[in-house]
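Subject: Handing over the structure

Hello,

I am passing this structure on to you, and I hope you enjoy looking through it. Please open it first; my notes follow below.

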Amino acid sequence: MSYVDEVLARVKEKNASEPEFLQAVEEVLESLRPVIEAHEEQYKKEALLERLTEPDRQMKFRVPWVDDKGQVRVNTGYRVQFNNSIGPYKGGLRLHPSVNIGIIKFLGFEQVFKNSLTGLPIGGGKGGSDFDPKGKSDREVMAFCQSFITELYKYIGADVDVPAGDIGTGAREIGYMYGQYKRITGLYEGVLTGKGLTYGGSLARTEATGYGLLYITREMLKCHGMDMKDKICCVSGSGNVAIYATEKAQQMGAKVVTVSDSAGWVYDPEGIDVELLKEVKEVKRARLTEYAAARPGAQYHEGRGVWQIKCDIALPCATQNELHLDDAKLLVENGCKAVCEGANMPTTLDATKYLQDNGVLFICGKASNAGGVATSALEMSQNSERMSWTFEQVDQKLEQIMIDIYHNIDDAAKRYGMEGNYVAGANIAGFEKVANAMLAQGVC
């Protein structure tokens, strides 16, 4: 049995109840086979893969808070510090009822490679809670966030672990958490990113993941003799990533015709009205039914269905495992040329393989949605320097980072005889930097 197979079997046995984590590990290790086989004796002796797939530490804690009716509520909080071989742990805090330790581990594992790909000195981590901010008052959200950070603060710091936002954790939540961290520790430092502009936040951070997705998509198309102009795009999701991916795609001359949320989706053949979408989702925090009601010609549908619309480019920006094999078949049948992931692991393994086997250009999330964490790292730099860069400065750095990521993953795939396989390229390029750092630092 090969070293990869030994580790996969051990991980599956040890983490049998965590399907998302197992999926992430399998996807990475399978694509790393040629790299591992080239160094199998050394890596096995150093137990490199065992160390890579086992988090440095996992925290699980109680989060009690009081709602507006005076009722005490209890949620569960998590933080997984996965690997800090190239820098402080870095990764978002997800607030969503689906959150459990397996999902946080999968996200933290992916984050290790994503952060490596940025070229910046940041390690991988992730955290969150099964708390749902939807439908809660500002005071209730504040009560939860203060309780959450009262436990988490013990494990984080500007040079230790720097959390950020994620699903359910926006500027409001980060603000409450940062205020409580500062109150408890007395430290004014860059310990959380995604902060407000008045207290250490970075311009372009809100837009970064969505904009970065389009910068790498455009570079890939350019290298294959295509561009964004007049392309029809389907976007899933209607949160931060989806909104700003839609905005940048349309700035590049494409037409985005779909968005979705957990209840349904909208098809707008005239192109999504970004300002209306921002009003509905960022200001009112409402459902897409309000978008459809305010937009003549837009069609609202309940449930899933975004990927049945004919498009040139598909940008899944909602959540994990949202694009299934049947969806991939529809995209291929409808002539889709490229799928680039804005969310973390939104495409199932069989759907990914089908897209690749049928000639669809495909970039996985650890590469294509790295713009958010890259800009978070730029926020850390600004905090350390006590400086604030302009929007244009940050955006320019972000664009170059995403262009470099594309060429690095393209080069890595070519070096191992897998030209055009950007999943393998992303895993290899991310792995090599982390592996070399781990080996250089000894058994730790």
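Let me begin with a pair of charged side chains: Lys-353 forms a salt bridge with Asp-357, with 2.7 Å between the closest N and O atoms. By salt bridge I mean a side-chain nitrogen of Lys or Arg within 4 Å of a carboxyl oxygen of Asp or Glu. Both Lys-353 and Asp-357 sit in helix α14, four residues apart, which is about one turn of the helix. Asp-357 counts as exposed because its relative accessibility is 54%; buried means under 20% relative accessible area, exposed over 50%, and partly exposed in between (1.4 Å probe, protein chains only).

Before going further, please note that this is a predicted model, in which local features need pLDDT of at least 70, side-chain atom pairs count only at pLDDT 80 or more, and totals for chains, interfaces and linings use all residues. Residues are numbered from 1 along each chain as its sequence is written, and side-chain values use heavy atoms, with hydrogens and water left out.

More on the salt bridges

The structure holds 31 salt bridges. One of them pairs Asp-161 with Arg-79, whose closest N and O atoms are 2.6 Å apart. Asp-161 belongs to strand β5 (residues 161-164) and Arg-79 to strand β2 (residues 72-83), so this pair ties together parts that are 82 residues apart in sequence. Asp-161 is buried, at 0% relative accessibility, and Arg-79 is buried with a relative accessible area of 0%.

Glu-151 and Lys-154 also meet through their side chains in a salt bridge (3.0 Å, N to O). Here Glu-151 is partly exposed, with a relative accessible area of 21%, and Lys-154 is partly exposed at 48%.

The second largest pocket

A pocket, on a 1 Å grid over the protein atoms alone, is an open set of points where a 1.4 Å probe fits, with protein on both sides within 12 Å along at least five of seven lines; its lining residues have an atom within 4 Å of a point.

The lining of the second largest pocket has 22 residues, and Glu-27, Leu-349, Thr-352, Gln-356 and Val-423 lie nearest its centre. Helices α2 (19-31), α14 (349-357), α15 (365-368) and α18 (422-440) each supply at least two lining residues.

Val-66 is in strand β1 (residues 57-66) and counts as partly exposed, at 36% relative accessibility.

Val-11 is in helix α1 (residues 3-14) and is buried, with a relative accessible area of 7%. Its C-alpha atom is 9.2 Å from that of Glu-26, 15 residues away along the chain.

Best wishes
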